[in-house]
Amino acid sequence: MKKKEEHGSTLAEQVADGLLEHISMNGLKPGDRLGTEMEMAEQQQVSRGTIREAIKILVSQDILEVRQGSGTFISDGKGNVGDPLGLKRIPEQFRLTWDLHQIRMLLEPDIAYMAAMNITEEQLLELEKICEEMERLSCLKQERRHVDVEFHVYLAKTCGNLVMPKLIPIIRQGVDLFIKYTHREAVPETEARHRDILEALKARNPMWAKDMMLMHLTYNGQELRREAIRRGETLEKLVIKKDNNAEDIIED
């Protein structure tokens with residue numbers, strides 16, 4: 001069955017993600033050669049033209065390189081456009097989802113706190129539009145992952161911190177991977193949590209906004225734990241420091 005273009009992303013972008021997943025699952029390393037265009041087209045169930053477009057996307061991100069007469073290879077670059085930290089090239093993508101969630105727990109509650117103090121009326125209106133679009137797509141039972149990501153990314157831009165925009169790739173990838181593995185974008189509760197955060201921002205109450213974001217992320221963490229159980233995987237390690245500074249690693 002051929003792939004179809006989904007709301008919020010082009011078919012070529014979806015195929016580019018599919019190729020990244022193929023690279024991760026097969027443990028391909030810089031210098032390794034991908035299959036021919038025909039082989040990739042059959043694997044991804046798309047036309048060769050779409051494969052070419054997907055390859056162009058990954059070449060622009062310094063993930064792939066095309067060697068004339070030789071084929072398509074994994075680049076030895078860092079994947080610095082659209083994925084400046086090279087997160088999509090980490091093989092353990094589900095484990096990465098949890099690690100990104102932990103980083104988000106450190107960042108986003110304080111982002112919400114700062115945003116409540118610094119957000120402008122114009123920015124509040126923009127977040128309102130994002131929430132409305134999320135609810136509209138939900139009612140139509142359409143894909144709304146991109147809007148969920150947009151809410152968190154835009155919120156980071158409103159906090160008034162000059163460094164935060166540099167950390168947006170962490171937030172973007174964290175939200176995207178969480179939705180990919182838990183499918184929580186289809187749950188009404190997700191919309192309600194974003195509304196709670198927006199309500200606190202409108203009230204310009206920093207602690208309320210921080211608490212609502214913390215609640216939202218804590219609930220997300222529960223969903224990741226449930227997904228880990230379903231997958232039979234271990235999410236985190238508990239490090240116990242002894243008096244002699246030795247460490248025992250116990251997996252939960």
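1. Basis. This is a predicted model, in which local features need pLDDT of at least 70, side-chain atom pairs count only at pLDDT 80 or more, and totals for chains, interfaces and linings use all residues. Residues are numbered from 1 along each chain as its sequence is written, and side-chain values use heavy atoms, with hydrogens and water left out.

2. Helix packing. Helix H1 spans residues 11–25 and helix H3 residues 48–60. Helices here are DSSP runs of H or I with at least four residues, strands are runs of E with at least two, and both are numbered from the N terminus. The axes of H1 and H3 lie 8 Å apart, at an angle of about 70°. Axes are lines fitted to C-alpha atoms, for helices over the stretch in contact, and angles run from 0 to 180 degrees between N-to-C directions. H1 and H3 are therefore roughly perpendicular (65 to 115 degrees).

3. Helix contact. Residues of H1, including Leu 11, Val 15 and Leu 19, meet residues of H3, including Ile 51, Ile 55 and Leu 58. Contact means heavy atoms within 4.5 Å.

4. Strands S1 (residues 64–67) and S2 (residues 71–74) run antiparallel, joined by four bridges. Pairing needs at least two DSSP bridges. Arg 67 stands opposite Gly 71 in S2. Three residues sit between the strands, and Gly 69 takes a positive phi near 80° in this hairpin.

5. Thr 72. Leaving aside neighbours within four places in sequence, its contacts include Asp 32, Met 40, Ile 55 and Leu 64.

Key:
Angles under 35 degrees count as roughly parallel, over 145 as roughly antiparallel, 65 to 115 as roughly perpendicular and the rest as oblique.
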